[in-house]
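Have the structure open as you read.

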Amino acid sequence: MSTKTNWLPNIRAVLFDMDGVVYVGKRPLPGAQAMFDYLDASGRSWLCITNNASMTPQQFAAKLAAMDIHVAPERILSSAEATAHWLAERVADGWPQGKVFVMGMDGLRLALQAKGFELTSNPLAATYAVAGANFNLTFEDLVETTIAIRNGARYIGTNGDLTFPTERGQIPGTGSVLALLSAASDVQPFVIGKPNPPMFEIAMRRLGVSAAEVMMVGDRYDTDIAGAIALGMKSVGILTGIDTREHFAAQEPPPHLIAEDLPQLREWMQEP
C-alpha cells in the first residue's frame with residue numbers, strides 16, 4: 001500500500017454521498033454494491049448520507065433496489081431525517097414547542113411527523129418554517145414560506161446545495177431556493193445538511209465511531225469534502241459526479257484521496 005493510502009486500514013466506517021457517487025438520477029454508477037459488500041465482509045460499518053430531502057429512507061431504498069443496489073433503509077440518512085432529529089434536540093433543549101410549516105416533500109414531512117412535530121398549512125400559525133427539496137414548487141409555496149418567516153417562524157433549511165445533479169445536467173437545488181427565501185425575508189436559515197456539522201455528527205452517533213475513524217466519500221468539495229475535513233475525517237473525492245480532478249486538487253486543503261470511481265477506491269482499500 002502506498003504512503004498516499006496507508007491510512008485506509010485504520011478506517012472503521014465509511015460515509016457515502018448518494019447523488020453523483022452511488023447514482024445519477026435513475027442511472028447507477030459503477031461499483032456501489034461491490035463496495036458495500038466489501039465493507040460488510042471486512043467488518044467496517046457504513047452509511048449513505050444524502051442532502052436530498054425529498055424522499056424517505058424507504059423510498060431511497062426502493063430507488064436503489066430498482067438499480068440492483070441493495071441498501072436497508074436504516075443505512076440511509078437524508079438531510080430530512082437529520083433536520084427533524086436536530087430540531088427535536090433543540091426543542092428538548094428549550095426551544096419553544098410549536099407547529100411546523102413545511103416547504104418540501106414527503107421525505108421531510110414524514111421525518112418531522114415521526115419526531116412528533118405537528119405540521120400546519122397556515123404560515124401565521126407556524127413556530128418553525130422548514131424548507132427542503134420540492135420538485136413541485138410553486139410561487140405560492142414561496143409566498144407562504146416567506147410570510148411564515150416574516151411572521152417570526154424560525155427558518156430552517158435541510159441543506160445548502162445550490163444545484164442538484166440529474167441526467168439532464170445540474171438543476172437548481174435547495175440552496176438556491178433558500179437564497180431566494182432569505183432575500184425575500186431578510187433572514188438567514190439554520191442549515192443542517194452537509195457541509196454543516198449536524199448531519200455528520202448524527203451519522204457518527206448512529207455508527208458509534210469518532211471522526212478519526214471515518215472516511216467520507218463524495219463528489220462535491222464544498223459539501224462532502226469540506227465538511228468532513230473540518231470535523232477531522234478522512235475524505236475521498238469521487239469523479240463520477242459534479243467536481244473534477246482539477247477542482248478537487250485546487251482546493252485548500254484538498255481531499256485526502258481523489259478516485260476515478262468506487263471500483264478504484266475499493267481496489268486501494270484491498271491492497272495489502
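## The sheet

Two strands pair here if DSSP finds at least two bridges between them; helices (H or I, at least four residues) and strands (E, at least two) are DSSP runs, numbered from the N terminus. This is a predicted model, where local features need pLDDT of at least 70 and side-chain atom pairs count only at pLDDT 80 or more, while totals for chains, interfaces and linings use all residues. Residues are numbered from 1 along each chain as its sequence is written, and side-chain values use heavy atoms, with hydrogens and water left out.

Look for an open sheet of four strands, ordered β6-β7-β8-β11 with parallel pairing. Since β6 and β11 (190-191) are at the edges with a single partner strand each, one side of each is left without a neighbour in the sheet. The link from β8 (residues 154-157) to β11 is made by two bridges, and Gly 157 sits opposite Val 191 in β11.

## Helices on the sheet

Helix α5 (residues 139-150) lies across β6, β7 and β8, at about 145 degrees to β6. Axes are lines fitted to C-alpha atoms, for helices over the stretch in contact, and angles run from 0 to 180 degrees between N-to-C directions. Helix α6 (residues 174-185) also packs on the sheet, touching β6, β7, β8 and β11, with its direction at about 160 degrees to that of β8. Contact here means heavy atoms within 4.5 Å.

## Where α3 meets α7

The axes of α3 and α7 come within 10 Å and cross at roughly 90 degrees. That makes α3 roughly perpendicular to α7 (the term covers 65 to 115 degrees). On the α3 side, the residues are Ser 79, Glu 81, Ala 82, His 85, Trp 86 and Glu 89; they meet Pro 198, Met 199, Ile 202, Arg 205 and Arg 206 in α7.

## Two cores

A nonpolar core is a set of buried Ala, Val, Leu, Ile, Met, Phe, Trp, Tyr and Cys residues joined through side-chain atoms within 4.5 Å, buried being under 20% relative accessible area (1.4 Å probe, protein chains only). The largest has 35 residues, and those with the most contacts inside it are Leu 15, Ile 49, Leu 87, Leu 112 and Met 233. Among the elements giving it two or more residues are β1 (13-16), α3 (79-92) and α7 (197-207). A second, separate core of 34 residues includes Val 22, Leu 39, Trp 46 and Val 71.

## Helix α1

Leu 39 is also one of the buried residues of α1 (residues 32-41). The buried residues of α1 pack against β1, β4 and α10 (262-270). Just after α1, Gly 43 has a positive phi of about 80 degrees.

Notes
Buried < 20%, exposed > 50% of the residue type's maximum accessible area, 1.4 Å probe, protein only. Parallel < 35°, antiparallel > 145°, perpendicular 65-115°, else oblique.
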